[in-house]
Amino acid sequence: MNAAWKNIRADFPILDQQVNGHPLVYLDNAATTQKPQCVIDALTNYYRKDNANVHRGIHTLSMRATSAYEAARERAAKFLNAAEPGEIIFTAGTTDGINLVANAWGDENLKPGDVILLTEMEHHSNMVPWQLLARRTGAKLRYLPIVAGDTGLLDLTQLDKVLTPDVKIFAFIHVSNTLGVINPAAELCAAAKKVGALTLVDAAQSTGHLPLDVRTMGCDFLAVSGHKMCGPTGVGLLYGRKALLDAMPPYRGGGSMISSVEYFESKWAPAPAKFEAGTPNIADVIALARAMDYLDDLGREAIAQHDEKLAAVAYARLQAEVPGIRVLGPAHHRSGVVSFDLKGVHAHDVVTMADQEGVALRGGHHCNQPLMKKLGLSSTSRASFYLYNTEAEIDRLVATLQKISKFFAG
Amino acid sequence: MQDLTDLYQSVILDHNRRPRNYSVLPTANRVGSGNNPMCGDQMTVYVKLEGDRIADLSFQGSGCAISKASTSLMTVNLKGKTIAEAEAIYAGVHKLVTTGTVAEDDMSDLAALAGVHQFPARIKCATLGWHAALNAAKGDAQPVTTEKPSD
Ligand SMILES: Cc1ncc(COP(=O)(O)O)c(C=O)c1O
């Protein structure tokens, strides 16, 4: 680990606070990550010094804002290793990006009988937009199952059976927000290509958490949320292969996305402008680019190793030291997400009690109700680690869960 | 854990561990269900209505300690009551879980729910089963969900 890691907790001012009389242990990173001071500064500096609308003005501030906004696009292209900045569309987040593809690409390209392939571990945001698309077009949904048991791994032995030539798009989650599984994205994309299906990767939990390169992965679309990688809320990225973006109709109409407008007809600007109608989220885009610098200074390989190590320690210690716990997900090669079920204690009660000890967890179905049903659970509790978490915080987690388990066994 | 023993009073823990009237009621002529889509909680309440009197009731479902205990306490407290009486009791419970203050008369074991008001995120858990029961008794067949502005 390089020097950038040295004072890492000091980079995140929010971590330094007491919650219910205890130092905060923030373990809800899969929901949203905290923001380093440099990202907060990028936001406030933009509003203090450079704020103006982009693409429209010729005055100095507008030019400054425009060049920072477009520099962020270049930064994002580099971050994902896209072939060119024009392959990056700024969105409101992963959900927004998936809806863009399901609408702009889906409505134009799907017909009755076509198949949309998903996996059983998708977040609702990579399920519901496709359900709506299927309803609009008459296309059908199909799911690649997960194996039985608690590992939550995809059942790749079923891949050939479900990935048939009638599949037009295969949309799958890269890293599971529920079970911490890391899916073999490159392998899945290659298999899809073989049958002529496009791929959309939900990279909400992977971008900024592990090395990610869209060209090595071989995906056609990839959706990202800025707020899950040290960036602000309300901003995200959609990567799309340029040829696909060029062929797609617009998603939303309005200013900035046109080349000429008449009263009855308009012509579209080329991608990416075609997909960015209206005044974009300029400040957050610029701050998101700063978050990418921050993450690359730490090194994404190092971040992935850090998260995996914490998850492995947590997995082993919870299993060994907390009575009545069932830890879900694979034991190895996983992300920083660790979900568990505490026997006889509902996830809500776990989270409420942990909060009283200053430990922030999440409890519920984690936006995957069908997966919960499959695991025979109505909800789980989840601890999710990120780059600023420490092994000392796992001590606090273990002690808290022991206390909760004892309280309810009473 | 001072605040927590407020929330998880021994009455609550007891009703969570051994929920009363926790079964399907074969004689029920009304069924109500309550869902909390935010957390996956699901309660089904069975009501045997005779005229406007709740002759018997029971429940089943999955939920946190608060929703389970509150629904269990409800079955004990509403048995034999008229719909109007049941509504009055619920009004007291609602006041209790939102403000922590007890309505004028003695609420007996229901007073154990007072701690809920300190945990605003949990108020919906405490009211879920009550909505389901009252809707069933009043003949509103719609499943209740916590995402309606009903509480
Ligand atoms: C795997 C996954 N996909 C999609 C989303 C949705 O992201 P957002 O709410 O930022 O659009 C999330 C966030 O919870 C997620 O974890």
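The contact between the two chains draws 18 residues from chain A and 22 residues from chain B, where contact means heavy atoms within 4.5 Å. The model is a predicted one: local features need pLDDT of at least 70 and side-chain atom pairs count only at pLDDT 80 or more, while totals for chains, interfaces and linings use all residues. Residues are numbered from 1 along each chain as its sequence is written, chains are lettered from A and ligands numbered from 1 in the order in which they are written, and side-chain values use heavy atoms, with hydrogens and water left out.

The size of an interface is often given as the accessible area lost when the parts come together. Here about 1500 Å² is buried between chain A and chain B, with carbon and sulfur atoms giving 60%; the buried area is the accessible area (1.4 Å probe) lost by two parts on being put together, summed over both.

One salt bridge is counted between chain A and chain B, the term denoting a side-chain nitrogen of Lys or Arg within 4 Å of a carboxyl oxygen of Asp or Glu. It joins the side chains of B:Arg122 and A:Asp349 at 2.8 Å, N to O. On the side of chain A that touches chain B, α11 (347-356) and α13 (391-409) of chain A each supply at least two residues, and α11(A) gives the most, with five residues. Helices (H or I, at least four residues) and strands (E, at least two) are DSSP runs, numbered from the N terminus. By class, this side of chain A has four nonpolar, eleven polar and three charged residues; Ala, Val, Leu, Ile, Met, Phe, Trp, Tyr, Cys and Pro count as nonpolar, Asp, Glu, Lys and Arg as charged, and the others, Gly among them, as polar.

The largest pocket holds about 990 Å³ of space. Its lining comprises 45 residues, and A:Asp28, A:Ala31, A:Arg362, A:Gly363 and B:Met38 lie nearest its centre. Two or more lining residues come from each of α3 (94-109), α11 and β16 (362-364) of chain A and from α5 (123-137) of chain B. The largest share of this lining, five residues, belongs to α11(A). The lining of the largest pocket divides into 18 nonpolar, 17 polar and ten charged residues.

On a 1 Å grid over the protein atoms alone, a pocket is an open set of points with protein on both sides within 12 Å along at least five of seven lines, a cavity is a set where a 1.4 Å probe fits but cannot get out, and lining residues have an atom within 4 Å of a point. Grid points are joined across faces, edges and corners, and a volume is the space filled by probe spheres set on the points. The whole structure contains two cavities of 30 Å³ or more, and the largest cavity has a volume of about 60 Å³. Among the residues lining the largest cavity are A:Asn29, A:His209, A:Asp307 and A:Phe385.
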